[in-house]
Amino acid sequence: MNRVLLFNPRSANYKPRIPNSILSIASSIEGLYDYVVVDGNLENDPWDKIHRYLAEGGFKYFGATSMPGPQLKQAIPISKKIRELFPGITIIWGGYFPSNQSKVVLNSGYVDFVMNGPGERSFPALLDALNNNRPYELIHNLIYKSGEQVIKTAKDELYDPDELPALPYEKLNVFYPLRRYLGKTYLGTKTIAYHSSMGCPFKCSFCAVVPIYNARWRGKSAQLIYKDIKYLKNKYGGNAIEFHDNNFFVSEKRTTEFARLIKPENMVWWGEGRIDTIDKYSDASLALLRESGCRMIFFGAETGNDEILKKMDKGGTQTADGIRSFAARMARFDIIPEYSFVLGTPGDTPEQVMKQIDQDIAFIKEIKQINPKTEIIIYVYSPVPTEGSDMYNKVLQSGFHFPEKLEDWISPQWDKFDMRKNPLIPWLTPEMINKIKDFETVLNGYYPTVSDVRLTSLKRKTLKALAAIRYKTGMYWKPYELKALQILWKYRQPELEGF
Ligand code: B12
């Protein structure tokens, strides 16, 4: 028997979403292999379930997906235990973390293969090679060890998403009722998580998508997206959509075609896009997006400093002025821009880094003045290995290095690193981190996010009143009173939890 166990480790918010990574992999072996899915987001003790499956026998492969951060807390110990107790099982990891950190993953000794980016073609090809004792060295998108050497095979061209098999929603429903994945969010009571494209056509020097997709993007056609959404709506009652694409809005034609199709369905939707891309959309297109239910769009604004924007390689056309005028333009169409900023990027001296943090704080306040509905997400810069970029070179020069042992990624020191909240970055002093976090607390007090559906209007007003003096005077230092209320009211942060 060649059974396959696919594992989605628990992510930050414990709020289940349709697990698209594992479902895409499942779709590639549908009808070829007997497989089961274990979802850490829906299990109190996923190891218990996994152990019971493996003890049944017949399993030859264990496939896990992982982002950096909390998912590793299950992916690492569980893979390790499987290696100890079931040494005959081949362990394969995929997703953003192992693709970007393949060396440390393979050196652990308990992961045999890493899928480097899309797995829809390479995963079945790998299983086929292993089952038939055939060489796997020529299969694309693979990383493995040969002796002490880490080998990366060639990358496949991006697949045409329209040609990939449909996701096996019905099969997932056998393991976990699909309804449990359609959660309540700011967008609706039954929110569908959907992923409609691969990659991103840009090469921002801080982004983890770049090493994997190398500025390539392909989108599923509007009709097929609509067909899937309609199915999930009719069969399971989905009434809102979160598009999880790295960049949903690359093609105005595709976006507007989708908007026209979805408009009569009365669904609210959200996605991620680029300021300069969407600013090129016509007024008619933007109006159509809003009418079709697009309520909010996530954008990487990053910083108000044009020099840094250039270093970030944002494609050259994103500028501070563009960020400002676009916030105003979105207000005209009643679409909320959700702007994310990366504070604490490397500088030549500590004074320069601090000055930049202050300037970014001032810029964020300016944006809020231009369009108070703008949602602000603040990240502390955490490096990703974008080899060759100026920014990453600067990071390396500062003495920064990633953990050398896989388990170190879940040590208390590192486990928050990729939550972009508490990075171990040489050029950022505790004073700088505190300033960023204190400002964030005050900002979230003065402008609580609309996406927190539990926060009543009374709570909002209380937070705002309490934060007003600090926000207006710039006294962000140690805002314990606000923090206490945010903890008490379980204030949610979209950057960590999604909606
Ligand atoms: C949904 C999502 C979340 C959700 C998870 C929801 C949930 N409850 O499960 C939430 C909001 C919780 C979240 C949180 C975080 N996320 Co997140 N998230 C995503 C997002 C938007 C979609 C993931 C997805 O479903 N993709 C669709 C599938 C089809 O693509 P895929 O995962 O790449 O899978 C393909 C291949 O990678 C491969 N593959 C994947 N898994 C496997 C497994 C096997 C066995 C095989 C063979 C192949 C394989 O094959 C798949 C099909 O081609 C991605 C961005 C993106 N568009 O992918 C970011 C992303 C993965 N997240 C990221 C990060 C950093 C985080 C956070 C750590 C920090 C943050 N603040 O964003 C937190 C904490 C994560 C955690 N571990 O809990 C980064 C990772 C960057 C990096 N440094 O590697 C991404 C890339 C966003 C970004 N551009 O920065 N996230």
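There are two domains here: domain 1 covers 3–152, and domain 2 covers 178–497. Keep in mind that this is a predicted model.

How many residues of domain 1 are in contact with domain 2? The count is 22, and they meet 27 residues of domain 2. On the domain 1 side, the elements giving two or more residues are α3 (72–85), α4 (96–100) and α5 (102–107). By type, that side of domain 1 has 11 nonpolar residues, eight polar and three charged.

Now to one helix, α9. Helix α9 has 15 residues, 222–236. At 1.5 Å a residue, α9 should span 21 Å. Its end C-alpha atoms are 21 Å apart, so the two agree.

Which residues of α9 are buried? They are A222, I225, I229, L232 and K233. These residues cover an arc of only 100° around the axis, so they sit on the same side of α9. An α-helix has 3.6 residues a turn, so residues three or four places apart point the same way.

What do the buried residues of α9 pack against? Their partners are β8 (191–194), β11 (240–243) and α10 (252–262). Turn to the face of α9 away from its buried side, and you find Q223 and N234, both exposed.

Last stop: G237 follows α9, and its phi is positive, near 80°.

Note on methods:
Residues are numbered from 1 along each chain as its sequence is written. This is a predicted model: local features need pLDDT of at least 70, side-chain atom pairs count only at pLDDT 80 or more; totals for chains, interfaces and linings use all residues. Domain bounds come from an automatic or database domain assignment. Two residues are in contact if their C-beta atoms, placed from the backbone, lie within 7 Å. Helices (H or I, at least four residues) and strands (E, at least two) are DSSP runs, numbered from the N terminus. Ala, Val, Leu, Ile, Met, Phe, Trp, Tyr, Cys and Pro count as nonpolar, Asp, Glu, Lys and Arg as charged, and the others, Gly among them, as polar. The expected span of a helix is 1.5 Å times one less than its number of residues. A residue is buried if 20 or more other C-beta atoms lie within 10 Å of its own, exposed if 12 or fewer, and partly exposed in between; C-beta atoms are placed from the backbone. The arc is that of the directions from the helix axis to the C-beta atoms.
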